[in-house]
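Please read the points below alongside the sequence and the coordinates.

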Amino acid sequence: MTALTADRAAPAVRRSRRNRLAAMLPAVVVGLPLILFVLFPLAHILGRSFSTPDGFGLANYAAMLGNERFLRITWNSFAVTLVSAAVAIVMAYAFAYAVQRSTMPLRNLFRMIAVLPLFAPSLVQAQGLVLLFGRNGLINRSFGLGIDLYGYWGIVIASVLYVFPYAFLILSAALAVADARIYESAEMLGASKWRAFRTVTLPATRYGLAAAIFVCFTLVITDFGNPMVIGGDYTVLASEVYNQVIGQANFEMGTVIGMVLLIPAAIAAMVEKRVSAKQYALISEHSRPLVPQKDRLRDLALLAVAVLISAAILSIVLVVVFASFVHLWPYRMTFSLRHYAFDVQNGIQPLWNSIYVSVMAAGIGVVAVTAAAYVIEKFPSPAARGLYFLSILPAAVPGMVLGLGYILAFNSPSNPVYAIYGTLVIIAIANVYYYHAHGFLISGTSIKQISGRFDEASATLGGSRRQTFAKVTLPLLFPTLVGIAVFFFMRSMVTLSAVIFLITPNTQVAAVSVLYLQDRGATNQAAAFSVCIIATIMAVLLAVRLLLNAMGHRNVSLIR
Amino acid sequence: MTLALSHVTKRFGNTVALDDISLTIERGEFICFLGPSGCGKTTLLRIIAGLELAEEGTVTLEDRDLSEVPARHRNFGVVFQSYSLFPNMTAARNVGYGLECRGRPRAEIEARAAEMLRIVALSDHAHKLPSQLSGGQQQRVALARALAPDPEVLLLDEPLSALDAKVRESLRLEIRDLQRRLGITTIMVTHDQEEALTMADRIVVMDTGRIAQIGTARELYDRPASRFVAEFIGRMNVLPVAGGRLAGLPLAVPQGATLIGIRPEDVRLHAGEGPPGRAILPARLTNTIYLGNLAHLVLSVEGIEHEIVAEVPGHACKAIADAPQIGLELPAETIKVLA
């Protein structure tokens, strides 16, 4: 008996070691593309920033720090970012509060207006502001004024409007859940409404608030589309990267500024992840949802705020739509469809490229983030922890930095990825990995919710892992996967930053066309391209919504 | 179909969840694992199901070692506490799922699912989703699903705890009846002693990862092996004794006994001093809990630290409560030596 046990023990030990290696395998397989398309380009950026004519060294950084212009640009960036983020947060909080916690009319309409800018290319705010307040803008022409918006305030206003919908989504989610019992207790204890807001509402939404602050900070400091269009001579770090790389082909300086940009974005992303991890457990299963009560004065005040902000958002979008339909802005304001003929270089092709890239990014993105989330949940191992880190790492990487990394890493015939370099595929891949963290967190939350018990039930009934996945996990995950696909599609349609360095004359995408046309002064055509992007996204959203409704999935949020 | 556990041990970190559990279950038997939460009963069930691995020991079915066989190849039916019905499938598809995974022909799957739903009286609800069924109905679907692939053993993990009292009682009988008809070996985990007493052939009482006692309901009630079992099943007055005496009164217990128990219904009360020649202690009534058909009288006796609870018929309580003096008798044949 003893001998038998000993004989059996040895293979068991060996088997367990092999099992441990086998358990790592899925994480390694799923992690490889992340290493190739995130870590590898970042390593190239880092390496290049240290490369000087005399070999490796800190010379680039030293040159930068000793350069007064650079220090001024850094200061500019922070001056824009801090002010824009602060203003956007206050506005978004008030708006989200009005939508979630008041009884003002048309709350659903206001909610839709708030997220409308997400359907437009990421520089639409600057585009709209130029049309309204530019030298040839509607206001200056109509009233003979001399408002000069180009520069600091132009960037700040554009940035506030740019990040508003992102902040609104986060804060709206934070304000959506509340425990009525706590508010009743506060009232019974004699707290005034203002006191209840300070002592109950604000603390309960502090994690959402922190997350929104960091998201706004990162978005503004890494945005270059708006500063390019409306910044005038006022340069910020993000537009400086573009100038150095595209304008002067100075990759070394581009990478150094990219690294400088990476640091605050990375810190913000890390703090945000740490903070939002604590977001749960505020609501217990016994809590009773808060139903907003009527309060005329409060509702009226909030309605006024919502109307004002909505007016600002709508006027930006509507003036772009309007400009796309007039003969020649602002000289001949007669109706014309001539800008939709797209008699520019490449014609309408960039829009088709965008759609093609976005569909591809949606497909690849869903598979990539779901595979990562699934492997981390079902095959726990040390490698899975590494995979988790890689999966959320892109949240800290500005799109331009990632795009620049792609040039440096893949623009060499010796690299196997070179085969797709300069094609639409690499643009789709850049978008997938740029937005990887967000998509990954959505699918991870979903997979966690449906995990454990169904797997066990299926296993005891004789289901293999594959059968469980196909028959149970996938059907339950389906609505979330559609949501993630829509997310990748939308962002890929509107983004500039990740793709700006990767496009070629043949692979130009619509959002970049808007930037180029606007830059050349072809305002009307730029507007027409923007309208096409907005229309495409709205059509896709509507089609997906109808499809999901037809399949019985009504409570799926498509706008993230 | 003998199911045998031998020397099963499981640790979670430094805590021992199961400590050297050995147990043999006969074919067709209905066994309950009974114990307070954290005693290891659910872990033991999960090890039998193959959802968790024991560090030491084996699980064998008819001398076939299952220790290394994954859950999906064991052919054990499991009903989970939270039902775990697949929310994307109708009741019928849930029930047919096990056969579907075994690659059976469609006609057979449908016929079997219909048959099982008929057995649990849910034929009318075959095409409903779990969310459209009540808790009791969901649990019956879960039972039908577990039984549909004709499992060797049926495992029930607190199957009734999420249901309200009325449904629970009727499902108890239904499950027991079904189990008898199918003659399937069944293990149920519960923390509810009444559930265990009414359903099981034999009860395994567990305490902190060990088996405290195995026996029929009657054996456990009449001859508890330890203070834990005595107090967990039914009520028990537990009293320390020394040198065979309780408060100076000699008892018919072994000289070395240190702890005895007596059930409240076995305590005999006399209004007055009681019949002479018997061992009777003078007692004082401190509290009366009137329950209608019964009453619990709480008494204190000089020289005994703990109060003693006696159960009397409801109509008898007034006579005793009004008596100027109460005599408390512990009949020798009802005294249980616990340590």
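1. The largest nonpolar core holds 170 residues, of which A:Ala92, A:Val163, A:Ala167, A:Leu171, A:Ala212, A:Cys216 and A:Ala430 touch the most other members. Such a core is a set of buried Ala, Val, Leu, Ile, Met, Phe, Trp, Tyr and Cys residues joined through C-beta atoms within 7 Å. Buried means 20 or more other C-beta atoms within 10 Å of a residue's own, exposed 12 or fewer, and partly exposed in between, with C-beta atoms placed from the backbone. Helix H7 of chain A (residues 152–176) contributes the largest share, 17 residues. Helices are DSSP runs (H or I, at least four residues), numbered from the N terminus. This core lies between domain 1 (58–336) and domain 2 (342–560) of chain A, because both give residues to it; the domain bounds come from an automatic or database assignment.

2. The model is predicted: local features need pLDDT of at least 70, side-chain atom pairs count only at pLDDT 80 or more, and totals for chains, interfaces and linings use all residues. Residues are numbered from 1 along each chain as its sequence is written, and chains are lettered from A and ligands numbered from 1 in the order in which they are written.

3. Between the chains, 14 residues of chain A are in contact with 19 residues of chain B (contact: C-beta atoms, placed from the backbone, within 7 Å). H20(A) gives the most to the side of chain A that touches chain B, with six residues.

4. A:Ala511 lies in helix H22 (residues 510–520) of chain A. Why does A:Ala511 count as buried? A:Ala511 has 28 C-beta neighbours inside 10 Å.

Terms used
Helix = DSSP H or I, 4+ residues; strand = E, 2+ residues; numbered from the N terminus. Contact = placed C-beta atoms within 7 Å.
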